[in-house]
Amino acid sequence: MIDFVKNFLQDHPWILLAAIPHFVILGTVAYLILLERKVASWVQDRIGPNRVGPGGLFQPIADGVKFIMKEDYRPAGVDKAIFSLAPGIMIVVIIISIAVLPWGGIHQVNNRRIDVTKEVGPNVTAVQAADRHVPGMGTLVGTPVINDEAGRTVAYITYRYPFQAATLNIGVLYILAVLSLAVYGVVLGGWASNNKYSFLGGLRATAQMISYEIPLGLSVLCIVILFGTLDLGEIVEKQCHYWIGFIPAWNVFTQPVTFFMFLICIHAEANRAPFDLAEAEQELVGGYHTEYSAMRFALFFLAEYAGMITTSAVCVALFFGGWHFPGLSGHIDPNPAVTDSLLICLIRFAVFFGKTIFVIFIFMWVRWSLPRFRFDQLMMLAWRALIPISLALLVANAIVLYFFSGSRGQDLRVNGTMALALLLSNLAVVAIAMIVSRFLPPPPETNRRVRVEGSRFNRTPLSATAT
């Protein structure tokens, strides 16, 4: 049985590559709630969860048991099918979005021996044998075919397995398209609840998504046109070198303004404070999940934290070099992502995951540091600031790319001179935006004071003789 399982996993390594990140992320979701509460206590000078387990370590388990044991009620007048379907849509959409994240480069398995006659068929050439026998996501490198002492045709094949669940050459587009579907869970949950506060929360989520998808897509497009690919694995690989011998060639150093644009937009896309207008407690009681309880309520929050992991991982891949770290680049061929060491792939996974946790910490730090926007301020920020600046950044990147397109070589890596030009173009866009904003018409005055007759808060003027 053990040999069968071993051989099965060798022939289908994509099962492990899909299952391990999947369960690691789902386990991380639970403990992100504990991290959120610990960060909140740190910001507010409190202790935080400390009763369940050593240092509160088992608090997520207690929370999960509580949600399972709570009464799962459904108010009268709701759309029963859609009411239950909405949280499921959110969690499913978020889970499938992790499939194309490049966690650890490419693992090369050398000289894998296969029995061509038994496993593929008789009278086949080496190329046909390899084409028919590539297991899972493996990519053929070489196929020397020989006949062994028993007269069988044996091939020694080298495979390359990307350390990700699925390899798509449109990985960035896939993630953006899939994550944009999560808003349907919010809207359907708000509408099916038959509650005006929930419905308003769903409408707010829709308007917010429409507004912030635009600068989000434009900031991603700045990176895409730079490297000429939508494959997240290739984008990470093209950042795996150094400027001046020691500065990592990560996009955050060449395009810091684009990074901040992307960071702001993923806050809005994840409905995280200060952009959590869809569930504003002070205004909408709880927004789209007001009428939910037990595990259906928990699924909404699990989806929110899982979405934070996905968007943070995309941010790491686009701007922080993904798994890149000194000493972890492969030396098998010019592609630094390829390595024949499984240990290096696992270390790369840990590096990628650590960077992702750092971005998630920024999410939590912002939540407990900044107050929530008013909804008109939310829309004003998107349409008057983020969208024009992201368009200007895209044009600036295109101009730099036009002038430096012939000096990058075949691998399309950003050299030091081009990196400096990209950095200066980002700073120039910010300077121009600050100058232009001085001449734009002011936004509507929504903070004016209005006198309320008879209010007990109106001050009574003191007489001149009063002391």
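Author: Y31, V52, L57, F58, I61, V65, I68, M69 and M295 together make a nonpolar surface patch with about 820 Å² of accessible area. Areas come from the Shrake-Rupley method with a 1.4 Å probe, and for residues only the protein chains shown count as cover. This is a predicted model, in which local features need pLDDT of at least 70 and side-chain atom pairs count only at pLDDT 80 or more, while totals for chains, interfaces and linings use all residues. Residues are numbered from 1 along each chain as its sequence is written, and side-chain values use heavy atoms, leaving out hydrogens and water.

Reader: Which helix gives the largest share of the nonpolar patch?

Author: Helices are DSSP runs of H or I with at least four residues, numbered from the N terminus. Helix α3 (residues 59-69) supplies 4 residues, the largest share.

Reader: Is F227 buried or exposed?

Author: Buried means under 20% relative accessible area, exposed over 50%, and partly exposed in between. F227, in helix α9 (residues 196-227), has a relative accessible area of 2% and is therefore buried, whereas I68, at 58%, is exposed.

Reader: Which residues does F227 touch?

Author: Contact means heavy atoms within 4.5 Å. Setting aside residues up to four places away in sequence, F227 touches I235, K238, Q239, N251, L412 and V414.

Methods
Patches are made of residues with over 30% relative accessible area and no salt bridge: like charges are joined within 9 Å, nonpolar side chains (Val, Leu, Ile, Met, Phe, Trp, Tyr) within 5 Å. A salt bridge is a side-chain nitrogen of Lys or Arg within 4 Å of a carboxyl oxygen of Asp or Glu. Helices (H or I, at least four residues) and strands (E, at least two) are DSSP runs, numbered from the N terminus. Buried means under 20% relative accessible area, exposed over 50%, partly exposed in between (1.4 Å probe, protein chains only).
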